[in-house]
Amino acid sequence: MIAYFTELFSPTILLYLLRGFAITLRVAAIAIVLSILIGTVLGLVRSYAPWPLRKLAGAYIEWFRNTPNLLWVMVCFIAAPLPSDWARCTMAYVLFTSAMMAEIVRGGLNSIPRGQFEAAQSQGFTLPGTLWYIILPQCFRHIIPTMLSQIITVVKDTSFMAQVAVAELLFRTKNLMSIFYNVVGRQITAMDVFLLFGFAMLLYFAVNFTLSCVVRFLQKRDAVTSAQARN
Amino acid sequence: MIEQIFTPWRWQNLFTEWPLLLRAFLTTLEAAVLALLLALILGVIFGLMSSSHHRLPRAVARVYVEFFQNTPLMIQLFFVFFALPYAGINLPSFTCGVLCVGVYTGAYISEVVRAGIGSIPRGQFEAAYSQGFTYLQTMTLIILPQTVKIILPPLVNQCVNLIKNTSVLAMIAGGDLMYVANNWATNGNASYGPAYLICGVLYFCLCFPLSTWARRYEEKLKRQDIRTPEEVLETEAMAS
């Protein structure tokens, strides 16, 4: 039994899969950071900017929000003006996710009373100052759970890159099935396939489950501190 | 790609093959409807289980939701399509796609249903039991009908996600819109521009009305000061 496991999950195979997972995480991390930044700007523009800009941001958000992410991976893989495969795919995730984030931010902004702008203005805050010190902190506190589930979606959607042959975790897992004989030196069995897929699922699950636990912890801490502040 | 969109003959080629596109569009619709049915059934069952008093059904529902929400749809699909044949289970690609998308979305819908049930005041359960209603009668006659109104927006949003997710059928040659557009893009003419643009427009036509309706309806509920399922989930998370 132990011999079987050490043969199947030999350093070669583990390294091969983990390197794929590193690509997954790199693409996800870059896409998440960029799309939160762009999404916040888009959300602000859609809520507060003058008419033509507002409509433009709205059109961008609705167009990308209502089409599949997979389509953008395909399109960007072919057409994006970036040098490497993974960077082109990252651009697809940024395009799609920034629209989703913008919609989430807009939802958060909606929950902030208009009076806060007037109050800030009366205290001498400039518009950027009002947004940065007063509006956005409240907005983000409100939308963190929704944002987190979107972040988890990004991590999961990186597996679309398997379709355009970027060697991320899912692509490598599937690829192992065809190169198994050359790597291990025997025919692949049902058990091998299930364990390899199980291992890949476990990696995805570990990251995503941790993310959702972190947010639950943050929410709980927030609830405790605000309860203490009230008392 | 951009200049291809402004090349008339590529569009002509595309439109001479319109029956192909139409069939692909109908396949996407069919997959979406079947998967939605499966997802609704699973969502209600597991949503009821996770609002049960007993620990076992709650735990089962928890495992179902956490597993399917935290692993990619793609790997579930590849597992069913590429790995299960090793165990002697061969499913056609369309069935695989509907099954995977349905079960995956079911996990999300079950959370929506759970939040919906959570938004109904506890007193209603007690009142129903005191009048001799059984558990099933309470749920189907009293609780679930009331939740429908408030869970509609998130439910429709999940439906939009489901439609977008049916595009993964393309990965296993499911013959859906994404797959045909992809094929068309990579055939001899290499007309990526028109193929992907028309594919995007068709998905947009399906999803945009639904997501816009959901947003408007939700804003209406907020104006009426009715607690939406998102708010219920939030307060729950804070209380736990």
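Predicted model: local features only at pLDDT ≥ 70, side-chain atom pairs only at ≥ 80, totals over all residues.
## Chain A

Chain A has nine helices and zero strands.

The C-alpha trace of chain A spans about 75 × 50 × 25 Å along its principal axes. Of the 231 residues in chain A, 38% are buried. Now take the contacts in chain A between residues at least 6 apart in sequence: 73% of them join residues at least 24 apart.

## Chain B

Chain B has eleven helices and zero strands. From the N terminus on, its elements run α-α-α-α-α-α-α-α-α-α-α. The C-alpha atoms of chain B fill a box of roughly 70 × 50 × 30 Å, taken along the principal axes.

Buried residues make up 42% of the 240 residues in chain B. Among contacts in chain B with a separation of 6 or more, 77% are between residues 24 or more positions apart.

## A helix pair in chain A

Two packed helices are described by the angle between their axes and the distance between the axes. Here, α2(A) covers residues 11–48 and α8(A) covers residues 169–184. They pack at an angle of about 160°, with their axes 9 Å apart. An angle over 145 degrees counts as roughly antiparallel, and α2(A) and α8(A) are therefore roughly antiparallel to each other. The crossing of α2(A) past α8(A) is right-handed.

Which residues make the contact? From α2(A) come A:Thr12, A:Ile13, A:Tyr16, A:Leu17, A:Gly20, A:Phe21 and A:Thr24. From α8(A) come A:Leu169, A:Phe171, A:Arg172, A:Thr173, A:Leu176 and A:Val183. By class, this contact has eight nonpolar, four polar and one charged residues.

## Where the chains meet

Between the chains, 33 residues of chain B are in contact with 36 residues of chain A. Five helices of chain B each supply at least two residues of the side that touches chain A: α4 (55–70), α5 (73–83), α9 (177–185), α10 (192–223) and α11 (229–239).

Which helix gives the most to this side of chain B? The answer is α10(B), with nine residues. By class, the side of chain B that touches chain A has 24 nonpolar, six polar and three charged residues.

Key
Residues numbered from 1 in each chain as written. Chains lettered and ligands numbered in written order. Contact = placed C-beta atoms within 7 Å. Helix = DSSP H or I, 4+ residues; strand = E, 2+ residues; numbered from the N terminus. Nonpolar A, V, L, I, M, F, W, Y, C, P; charged D, E, K, R; others polar. Axes fitted to C-alpha atoms, helices over the stretch in contact; angles between N-to-C directions. Parallel < 35°, antiparallel > 145°, perpendicular 65-115°, else oblique. Left-handed = near helix turned anticlockwise from the far one by under 90°. Buried ≥ 20, exposed ≤ 12 C-beta atoms within 10 Å, placed from the backbone.
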